[in-house]
Amino acid sequence: MLTTIIYRSHLHDHVSFKMLEEMVAAANIKNGRASVTGILLFNGTHFFQLLEGPEESVTAIYQDICGDDRHYNLVEVLRDYAPSRRFGKTGMELFDLRDHDREAVLQTVFDKGTTRYQLTYGDRALQFFQTFVEDSEKEFYYEIPPGDAWEFMADDNAITLPPGVPDSGADCHFAFQPIVDPFARQIVAVEALLRTRVGGSPQEWFDDMAGDDIYTADLQSKRVAFAMAAALKLGAQSLSVNLLPMTLVKVPGAAEFIVQAIKENGLIPEQVIVEFNESAVFSCLDAFTQAVKMLKGAGIRVAIDHFGAGFGGLVLLTQFQPDRIKINRALIADVHKSGSRQAIVQAIIKCCTSLEIAISAVGVEKAEEWMWLESAGISQFQGHLFAHPDLNGIPAVAWPEKRDEMV
Ligand code: C2E
Ligand code: MN
Ligand code: MN
């Protein structure tokens, strides 16, 4: 299948123009053999390259390019399929944008084209050429240092639960995971994650239950969460708990129960955030919006969890504005390498900023993901990079330290 990949990347300072020319000559031969076309634009700092050809060859060549240490911050911006080649000649061609004026270089590139149709009908690949040549997205090319520029050093502030807690009726435990602001070196909140007694997942705990029992169990488990948080000396720290939206909608007096359980444990409603899963919320939006008033009326903050994972998405925010949203891991994973994830995360940030909704990123595992998200304007993170959830305790946080500053 005829496949097109477009990426952009940043040339390393140590690479001379001569090395670049040699690289192009080598690529020309390699691409030619594989029946792949490479059109490479270079503007003095950034590359923009289109690869076009049979899917397997394009993918293999792209893999090699991704591993090439002459460039960095490589971001895939397009992967698409077409009935015929845009550019007929296989091999590799370099256009140094500094040698041409913008109009002329685009025309020169397009003159290599073998079909006029795409130009006429708004082909995305060709639109990307235009955007790159015009530099119009350049402010979003965040320059992030390599992942190993940081070392993650655990502090010694883990807190373990004293024996005997919880002794409540609900047959569950909780694991706690901090949500952190790494630059401020602050824990902004701690999330309580449901577990079976032996540390099994929330799903396992709910699996044993039938019908509407899950809603009452979900609600009652929160009493354990608050009791454990209090025993862990949470103090004035914010605490997040998760709830199914239907728990709030279906269980009579759910909001009062929550408020009661908070106060019983010496906590205050204002420090509690209740997180609801985006897709579950969207499926019962009107009832949920009504039910949430009770929580808000008691001073409890509300977050939409797994934001961007379901069918609700941005339109959800036209119906109901939470205090915060948590961007789902599906959008976070490898965000530094993916043009589409970057575009969506940027749209979410812009929208939430206009609405004064706080944002955190969940499931951050790589330093590069964290750094890209910081550059985009997110400052609150949750993920294995900083701390794994800790059954019956609050784990120590691994804070980033810049390596060259440590010497
Ligand atoms: P969530 O609220 O998005 O919680 C974060 C989940 O991501 C947790 O999974 C956590 O262990 C996991 N996680 C954290 N950091 C990373 C990371 O860096 N990489 C990856 N791959 N995963 C990470 P967990 O504890 O299995 O919880 C799954 C979901 O179950 C939660 O997602 C939440 O929606 C739900 N849940 C948790 N506790 C409760 C509860 O008390 N009631 C209800 N109804 N649902 C709950
Ligand atoms: Mn959550
Ligand atoms: Mn999740």
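## Surroundings of ligand 1

In this predicted model, ligand 1 is surrounded by 24 residues, each with its C-beta atom, placed from the backbone, within 6 Å of the ligand. The closest are L193, L194, N242, G383 and H384. By class, the shell holds nine nonpolar, 10 polar and five charged residues; Ala, Val, Leu, Ile, Met, Phe, Trp, Tyr, Cys and Pro count as nonpolar, Asp, Glu, Lys and Arg as charged, and the others, Gly among them, as polar.

At least two residues of the shell come from each of β9 (186-195), α7 (213-231), β10 (239-242), β11 (272-277) and β12 (301-307). Helices (H or I, at least four residues) and strands (E, at least two) are DSSP runs, numbered from the N terminus.

## Helices α7 and α9

Helix α7 also packs against helix α9 (residues 254-264): their axes come within 9 Å and cross at roughly 15 degrees. Axes are lines fitted to C-alpha atoms, for helices over the stretch in contact, and angles run from 0 to 180 degrees between N-to-C directions. The two helices are therefore roughly parallel (an angle under 35 degrees; over 145 counts as roughly antiparallel).

On the α7 side, the contact involves L219, K222, R223 and F226, and on the α9 side A254, F257, I258, A261 and I262. Residues are in contact if their C-beta atoms, placed from the backbone, lie within 7 Å. Seven residues of this contact are nonpolar, none is polar and two are charged.

## Helices α3 and α5

Helix α3 (residues 102-111) and helix α5 (residues 124-134) pack at about 155 degrees, with axes 10 Å apart. They are therefore roughly antiparallel. R102, V105, L106 and V109 of α3 meet F129, Q130, V133 and E134 of α5. This contact has five nonpolar, one polar and two charged residues.

## Confidence and conventions

The protein averages a pLDDT of 92, and 97% of the residues score at least 70; pLDDT is the predictor's confidence in each residue, from 0 to 100. The model scores ipTM 0.97 and pTM 0.93.

Residues are numbered from 1 along each chain as its sequence is written, while chains are lettered from A and ligands numbered from 1 in the order in which they are written. Local features need pLDDT of at least 70 and side-chain atom pairs count only at pLDDT 80 or more, whereas totals for chains, interfaces and linings use all residues.

Notes: Parallel < 35°, antiparallel > 145°, perpendicular 65-115°, else oblique. Contact = placed C-beta atoms within 7 Å.
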